[in-house]
Amino acid sequence: MEESPPESTSHDELVISGTGAAPGIAMGTAYRYDASAPDRRRAPISPDEVDAEVDRLANAVQRAEQELETVRTLAPDALGADTDAIFEAQALMLRDEEVLRAIRQRIRARKEPAAAAVRTVLAAHRERLDDSDDAHLRTGADDLVELERRLLRALRRRAAAAHIDTQSVVVAQELTPTDLLRVRRQGPLGAVTARGGPTSHAAIVAKALGLPLLVGAGETLEAVSSGDRVVVDGTEGRLIAHPHPATVEDYRQRETEAPSPTEREEERAGRPPRTTDGHAVTLRVNVGLEAELDLLRPDPPGGIGLLRTELFLLADGDPHAVDEERQVEAYREVAEAAGEEGATIRLLDLGGDGRGPRHAAAEHEGSRSLGERGLRRLLNRPDEHLRPQLRALLRANRQGELRVLLPMVTDVTEVRRVRRILDEESARLAENGVPHDPTLPLGAMVEVPAMALQAPAFTEFVDFFSVGTNDLTQYVLAVDRAAGPVGARHDALHPAVLGLILRVVETGRMSGCPVEVCGEIAGDVQAVPVLLGLGVDTLSVSPQSLPTVRRVVRAIEYDAAKGLARDVLQEDDAPAVRRRARTWIDTHLPPAETAGSGGADVRGPDASDR
Ligand code: PEP
Ligand code: MG
């Protein structure tokens with residue numbers, strides 16, 4: 001970092017604890033990001049700002065158009081004919097040159113900020129429609145209200161992100177995955193949120209972007225203003241505002257001690273790690289964004305264990321990224337990056353908490369974590385995404401290097417339906433002479449408790465299980481994974497969640513159906529010996545967690561880990577499990593093996609810290 005170190009000011013150093021959600025250290029200037037604050041500026045802009053303001057308007061219009069198209073492409077049937085007509089009406093108005101000219105005119109002639117000009121012009125337009133005798137035109141007035149909101153939102157987002165720069169640490173009440181994808185272009189150093197949990201989709205995106213993230217910093221975060229010097233420690237879960245020079249020096253030291261890329265590559269190029277008593281553990285990686293593929297070279301030894309296609313394909317908000325041809329290309333690229341062990345491609349998990357364009361769809365469909373999400377949504381309208389995605393996978397799978405994973409499975413019936421559709425698509429490709437490999441292994445995510453409880457019934461229809469502890473925990477413990485204060489209770493190390501994982505592992509062992517764990521817990525140092533002890537021998541983790549997890553696995557004695565797993569299952573709650581795991585690690589693992597990047601202690605917090 002080129003910027004001079006944060007200096008001591010008249011402020012006292014302020015340390016705020018939260019939960020480290022994406023590892024790393026960021027030192028820079030705080031920037032308070034609030035994408036929801038309305039832009040109420042009315043004061044005239046200066047003449048030399050006029051062109052930029054007109055450009056801002058054009059970008060916002062384009063963005064609003066893209067958003068409309070995305071919602072319509074991703075969920076055409078879900079919207080129904082009426083809603084679709086509303087979107088069509090909005091899209092037409094966005095292209096109405098008369099309206100756009102009037103807005104531009106106010107910006108140029110009256111030097112009004114774009115948001116104010118949009119409000120004035122659309123209000124006048126609405127009044128005209130309201131006064132009309134034609135009922136159809138009067139309905140159009142409502143569409144205008146919606147369109148105004150959409151345009152103002154698009155303008156606001158750009159405004160909110162505009163002041164972020166490469167030395168900023170984004171400070172926000174909350175960040176959605178969409179916010180993070182938006183601000184990444186400005187290249188901030190890190191981010192802190194008052195709310196949010198470490199397994200939220202925002203945390204997953206931050207890891208994918210290599211952006212240190214601290215979540216759950218609470219209301220004390222209000223004390224941090226734009227312009228304050230801050231240090232964010234996304235590994236240990238701490239924000240330090242107005243840091244003392246000694247603190248800055250300490251963190252600089254840690255930054256320089258972080259393993260070099262070459263060290264990381266050496267670790268990656270190694271063989272699957274073994275425990276001290278010779279038990280082999282397969283480590284795979286989770287991929288969300290295309291940029292992460294570069295982190296995998298040379299080949300990750302265990303391949304890709306989870307490709308979140310709703311992120312990978314749709315992160316840029318381009319609705320055509322789900323076109324069949326584009327998907328074929330994308331999966332070939334993924335297969336190539338995954339190397340010999342291949343890649344597990346999860347079908348689109350649309351409809352849950354906001355993730356890229358799904359967020360846009362969710363605006364119209366309400367919160368979906370208990371609704372039409374994942375496989376339910378795919379099967380309700382199979383022609384929309386399921387069939388094209390399966391066809392693309394069959395076509396991209398030329399040498400058996402791909403596996404398919406189903407998100408949010410609840411019943412065996414759902415898996416049987418997918419199998420049938422997969423067979424139909426494969427037969428159709430064969431009829432048409434399209435080259436493809438029909439031997440696509442089919443796996444099911446274990447995320448819904450009903451599915452975990454019925455695991456034996458699934459073994460006849462699936463080739464493997466992948467336990468998604470992020471969702472499984474939210475559904476078992478009834479705690480929103482993206483929640484604020486209550487989010488601290490979202491911990492996959494709860495004995496009830498571990499009991500379900502054991503059940504699935506035992507089912508897998510009896511039936512010969514492999515079981516892996518791909519939720520964030522697989523990259524949590526305290527959880528690794530517990531999961532191994534439960535009998536899990538494939539973990540899929542973020543590329544950033546891979547080196548640490550590898551070192552921890554190598555330091556564990558497998559037999560001793562089995563004892564730990566037996567003990568933790570008897571505990572009452574997650575904090576008690578963490579206390580026991582932490583004590584076990586202190587006694588069984590040499591400190592050097594649990595040192596994370598920059599020598600930070602990654603053995604995890606004492607349970608009392610959580
Ligand atoms: C999970 O739920 O644990 C999982 C891996 O899926 P996602 O985080 O994408 O919902
Ligand atoms: Mg999930």
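Strand 10 and helix 18 each give at least two residues to the lining of the largest cavity. Helices here are DSSP runs of H or I with at least four residues, strands are runs of E with at least two, and both are numbered from the N terminus. By a cavity I mean a set of points, on a 1 Å grid over the protein atoms alone, where a 1.4 Å probe fits but cannot get out; lining residues have an atom within 4 Å of a point.

Before going on, the ground rules. This is a predicted model, where local features need pLDDT of at least 70 and side-chain atom pairs count only at pLDDT 80 or more, while totals for chains, interfaces and linings use all residues. Residues are numbered from 1 along each chain as its sequence is written, chains are lettered from A and ligands numbered from 1 in the order in which they are written, and side-chain values use heavy atoms, with hydrogens and water left out.

Back to the largest cavity. Its space is about 80 Å³; a volume is what probe spheres set on the points fill, with points joined across faces, edges and corners. The lining has 16 residues, and R308, R346, M445, E447 and N470 lie nearest the centre. Helix 18 supplies the largest share of that lining, three residues. By class there are three nonpolar, five polar and eight charged residues. Nonpolar covers Ala, Val, Leu, Ile, Met, Phe, Trp, Tyr, Cys and Pro; charged is Asp, Glu, Lys and Arg; the others, Gly among them, are polar.

What sits in the largest cavity? Ligand 1 does, meaning that more than half of its atoms lie within 2 Å of the grid points. The elements giving two or more residues to the shell around ligand 1 are helix 7 (201-209), strand 10 (304-308) and helix 18 (469-477). In total 16 residues surround ligand 1, the closest being R308, R346, G468, N470 and R481; to count, a residue needs a heavy atom within 4 Å.

Now the polar contacts, which are pairs of N or O atoms within 3.5 Å. A backbone N or O atom of N470 is 2.7 Å from an oxygen atom of ligand 1. For T469, a backbone N or O atom is 3.1 Å from a ligand 1 oxygen atom. H201 uses a polar side-chain atom, 3.3 Å from an oxygen atom of ligand 1.

Last, the other cavity. How many cavities of 30 Å³ or more does a search of the whole structure find? Two.

Terms used
Polar contact = N/O pair within 3.5 Å; in protein donor to acceptor, adjacent residues only side chain to side chain. 1 Å grid on protein atoms, 1.4 Å probe; cavity = no way out; pocket = protein on both sides within 12 Å on 5 of 7 lines; lining within 4 Å.
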